[in-house]
Amino acid sequence: MFQQALRLSCLISTFFFHLSSSATDSFIYGGCSQPRFTPGSPYESNVNSMLTSLVNSASFSNFNNFKISVPGSTQSDIVYGLFQCRGDLSTTDCRDCVAHAVSRLGVICPGSTGGAMQLDGCFVKYDGASFLGVEDKMEVYKKCGSSIGYNSDILTRRDVVLAYMAADNGQYFRVGGSGSVQGVAQCVQDLSLSECQDCLEEAGGRVKSECGASAWGDVYLGKCYVRYSERGFHSRSDDDDGDMDKTLAIIIGIIAGVAVIIVFLSFLTRICDRKDGK
């Protein structure tokens, strides 16, 4: 019975560990280039080498970029790529996130000459045209929460947080808060600090103007993003908490049901053992 209870405890621990560790893998956006490469071509070899290099490098740093050209490649076969992990991730979490992003790219962009994948914890991109060190302020993703109405205190705190996110502090990754409002911002590190500053000012202005009086807002540009949340964490959907609560309730209910069945079967086993012993 103790071993059964121990297994049940391990199941619960594993489930909650999965919930806490899976946040960095949450999908935000992804896309693929229209042109496709020829299977078995030098370009395909370069793409495969690029994606492998990105995952391997993420074991040692939270950012790197590459220009890959295997022997036999021509100028048109060169592949450029980079990865950027969120500034607060450990190298282990960074590598896991990049590996997950690369795996997803392989599924959604098979044969594409280029692709990009943004997860909650990391960004991965590769292409045949060089984009390294090039500022990109094109809006690629935006999402806003429900309106909180005109709450001058919260809106003032939001403005303070967004101003801090866009301030010239010499950092590519920024986290700050004011009361219940928190924010996070980051640039891809192939930009200069001045280019990062320019990108974050643009993203901060857009999330403020486009999300208005929303409880939270996310704006991702090509090389940076700014996010804020009134609830004290960075949520992607107003329904996330409800879905999580429902999932937890279902799982806990299942676990409780299994526990009851284990106890009942153990009770029946003891009764049968007693009868057999007569």
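Among contacts (heavy atoms within 4.5 Å) between residues at least 6 apart in sequence, 64% join residues at least 24 apart in the protein chain. This is a predicted model, where local features need pLDDT of at least 70, side-chain atom pairs count only at pLDDT 80 or more, and totals for chains, interfaces and linings use all residues. Residues are numbered from 1 along each chain as its sequence is written, and side-chain values use heavy atoms, with hydrogens and water left out.

The protein chain holds six helices and ten strands. These are DSSP runs numbered from the N terminus: helices are H or I of at least four residues, strands E of at least two. Of its 278 residues, 40% count as buried. Buried means under 20% relative accessible area, exposed over 50%, partly exposed in between (1.4 Å probe, protein chains only).

Gln189 sits in the loop between strand S8 (181-187) and helix H5 (193-211). Gln189 is partly exposed, at a relative accessible area of 28%. Leaving out residues up to four places away in sequence, Gln189 touches Asn62, Phe63, Gln84 and Tyr172. Phe83 is 106 residues from Gln189 along the chain, yet their C-alpha atoms are separated by 9.3 Å.

| Class | Lining residues |
|---|---|
| Nonpolar (Ala, Val, Leu, Ile, Met, Phe, Trp, Tyr, Cys, Pro) | seven residues |
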